[in-house]
Amino acid sequence: RTKILLSDVDDIMASFSPTRPPRGKLRVHAPLSLAHSVLVPALNDFQSRYPDIEIVLTSTDRRIDLLAEGIDCMIRIGELQDSSLISRRLGEVKMVTCASPDYLQKHGVPQTPEDLSRHQAINFFSERHREALEWSFVREGETVSFIPTGHISVDNSDILLTGCLSGLGIIHGVHAVLAPWIQSGQLVEVLADYAGESKPVSVLYPDRRHLAPRVRVFIDWLCALFTEQKSRLQGLL
């Protein structure tokens, strides 16, 4: 408790010293998919700008309690429901449906979302609710959402990708993450004509009057990162 209090005092004093470079530990949490494809590849830039900030990055696909786990800020994909936190919109991620060439050769290529009922899907489920997430498709201007048939469900995006590469089934994931595998031919996009709605990406942080300088500069850098890479990162809109 004393360390936390001393850290808060240091943050408050730093807020009154505009010429003092941001410093200290910055605890960040990000989903595995965005940590792999967006955040980690760009951290060299942040460290070169703010060498006195030590980043402590946790990355999982589970929902965390930001305050209970002492996280300064976290990135989240999807609609937000945390009324006690401040959020800042970073952008959106496009979703894509794909499978391995081996799987498609054995089972055929689905032509419509309804065809998924005759295929095997690898579903992704929320750790909190233990329920598979719906897949969304746009057909004639309307969004259709459902949970496809599948014998395997996972709660980790790395395992989701590995399962798809292994030919276990079709997956629905973040385009920015899967794009390199699609470009290399290891995965094949399906149902491209029914591409679903994009999901919002936000950064969340506690409602504090005096936001620590290290948190503030990281959030500003993060917003600039998503803005600058819109055209380069496939799937980031």
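The bend at a residue is the angle between axes fitted to the seven residues ending there and the seven starting there. The model is predicted: local features need pLDDT of at least 70, side-chain atom pairs count only at pLDDT 80 or more, and totals for chains, interfaces and linings use all residues. Residues are numbered from 1 along each chain as its sequence is written, and side-chain values use heavy atoms, with hydrogens and water left out.

**View 1. The kink in helix α2 lies at L39.** Helices (H or I, at least four residues) and strands (E, at least two) are DSSP runs, numbered from the N terminus. The kink is about 45 degrees and comes shortly before the proline P41. Because the expected span is 1.5 Å times one less than the number of residues, the 18 residues of α2 (residues 32–49) should span 26 Å, which agrees with the 24 Å between the end C-alpha atoms.

**View 2. Helix α2 contributes buried residues, including L32 and F46.** Buried means under 20% relative accessible area, exposed over 50%, and partly exposed in between (1.4 Å probe, protein chains only). L39, the site of the kink, is itself buried. Others among the buried residues are S33, L34, V38, A42 and L43.

**View 3. Helix α5 (residues 175–184) packs through buried residues.** H175, A176, V177, L178 and A179 are buried. Their packing partners are α2, β5 (95–99), α4 (157–165) and β10 (171–174), where contact means heavy atoms within 4.5 Å. G185 follows α5 and has a positive phi, near 90 degrees.
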